[in-house]
Amino acid sequence: MKYDCIVIGKGPAGITAAIYLKRYGYTPLVLAKDGGALERVSDIENYYGIPHITGPELLKAGVEQASGLGIRIVEEEVLDLTKEEHFLVTTNAATYEAKTVVLACGTSRNRYAKADAFEGVSYCATCDGFFYRKKKIALIGNGNYMAHECSVLENICKDITIFTDGLPLEAEVSPTIPVVLDSIEKINGDGKIQSIEAGGKTYPIDGAFIAIGKASGFTLAKHLGIELNGSNIVVDSTYMTNIDGLFSCGDSIGGLLQVSKAVGEGANCASFISKYLKKNNL
Ligand SMILES: Cc1cc2nc3c(=O)[nH]c(=O)nc-3n(C[C@H](O)[C@H](O)[C@H](O)COP(=O)(O)OP(=O)(O)OC[C@H]3O[C@@H](n4cnc5c(N)ncnc54)[C@H](O)[C@@H]3O)c2cc1C
């Protein structure tokens, strides 16, 4: 079967895109390896009309809404993406064919086991930076995602130190921000994180932001030669990448990493895909 659209990702961006495509009369397939960022969100208190909800609750509601409309959602990891006449999406279990593809892969916010046991550890600068204004913070990471989080934190926090945990610094950050290249030997705290030991020195901190790893759409983008800005997928005003028929929205394209933006972009992206399918008689 050839799908009108394969949506990679079942987060707010992917599920919204699939729901709108279905409403326009198309047949989308959603492929997702897991629940994405929402699986790790304990409280969302800034989404329109919902004063308080947990990430897993919001994720479940979205997936059930889409399934209820008859949208097929398959739990598989996408490993490769190629384009011949149409797109071929290869997962750990099968290969699917589609006329268009949406990368709604989110951004990678890998867990950092050494710090997970402590309070005062955040995986989201936009969400939690405010709580650390005028405080001393550690930012752990070494790539483009770390640099993005750093640019958010720089406007809020007084005192930032980057820890690459033994990895080379692979992204540009402001030269005024100290970078510790040594491996992290120990993280200390009494419930709440208090200091980091690296290179034989102890660095006192009030909180830590984790920004390790790469955007999950990054590797797939590389496979097809999709234009990237750092680790963000570059799209035009119709959410199409430099590859004809390949779209992207949500955290994958950068900007504000929030549910409201992901939902809005998923809806817009579906509208442009509908126009694209009609215009090309697909
Ligand atoms: C700790 C934390 C707290 C947050 N707090 C808030 C908050 O308070 N308010 C707020 O608005 N936002 C918050 N966010 C951000 C919010 O969760 C994200 O902006 C939002 O989920 C982005 O939606 P998305 O659909 O673009 O990506 P995601 O929700 O990340 O979904 C990505 C999807 O892509 C799939 N995927 C990726 N790669 C592959 C692959 N190779 N194969 C198959 N599937 C793949 C994943 O499995 C997942 O289903 C928080 C995030 C974190 C981590």
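Why does Ser271 count as partly exposed? Select it and have a look: Ser271 has 16 C-beta neighbours inside 10 Å, so it counts as partly exposed. On this scale, a residue is buried with 20 or more other C-beta atoms within 10 Å of its own, exposed with 12 or fewer, and partly exposed in between, with C-beta atoms placed from the backbone.

Before moving on, two notes on the model. Residue numbers start from 1 along each chain as its sequence is written. The model is predicted, so local features need pLDDT of at least 70 and side-chain atom pairs count only at pLDDT 80 or more, while totals for chains, interfaces and linings use all residues.

**Stop 1: around Ser271**

Ser271 lies in helix α6. Helices here are DSSP runs of H or I with at least four residues, strands are runs of E with at least two, and both are numbered from the N terminus.

**Stop 2: the ligand**

Show the 38 residues around the ligand; Gly9, Gly11, Gly36, Gly106 and Gly250 come nearest. A residue is near a molecule if its C-beta atom, placed from the backbone, lies within 6 Å of it. At least two residues of the shell come from each of α1 (12-23), β2 (28-32) and α6 (259-279). Colour the shell by class and you will find 19 nonpolar, 12 polar and 7 charged residues. Here Ala, Val, Leu, Ile, Met, Phe, Trp, Tyr, Cys and Pro count as nonpolar, Asp, Glu, Lys and Arg as charged, and the others, Gly among them, as polar.

**Stop 3: the two domains**

Next, colour domain 1 (2-108 + 214-279) and domain 2 (121-210), with bounds from an automatic or database domain assignment. Their C-alpha centres lie 30 Å apart. The contact (C-beta atoms, placed from the backbone, within 7 Å) takes 11 residues from domain 1 and 8 residues from domain 2. On the domain 1 side, 3 of these are nonpolar, 6 polar and 2 charged. Each domain also gives at least three residues to the ligand shell.

**Stop 4: a three-stranded sheet**

Finally, select β11, β12 and β13, which form an open antiparallel sheet in that order. Strands pair if DSSP finds at least two bridges between them. β11 (184-190) and β13 (201-204) are the edges: each has a single partner strand, so one side of each lacks a neighbour in the sheet. Zoom in on β12 (residues 192-198), which pairs with β13 over 4 bridges. There, Glu197 has Thr202 in β13 as its bridge partner.

Notes. Two residues are in contact if their C-beta atoms, placed from the backbone, lie within 7 Å.
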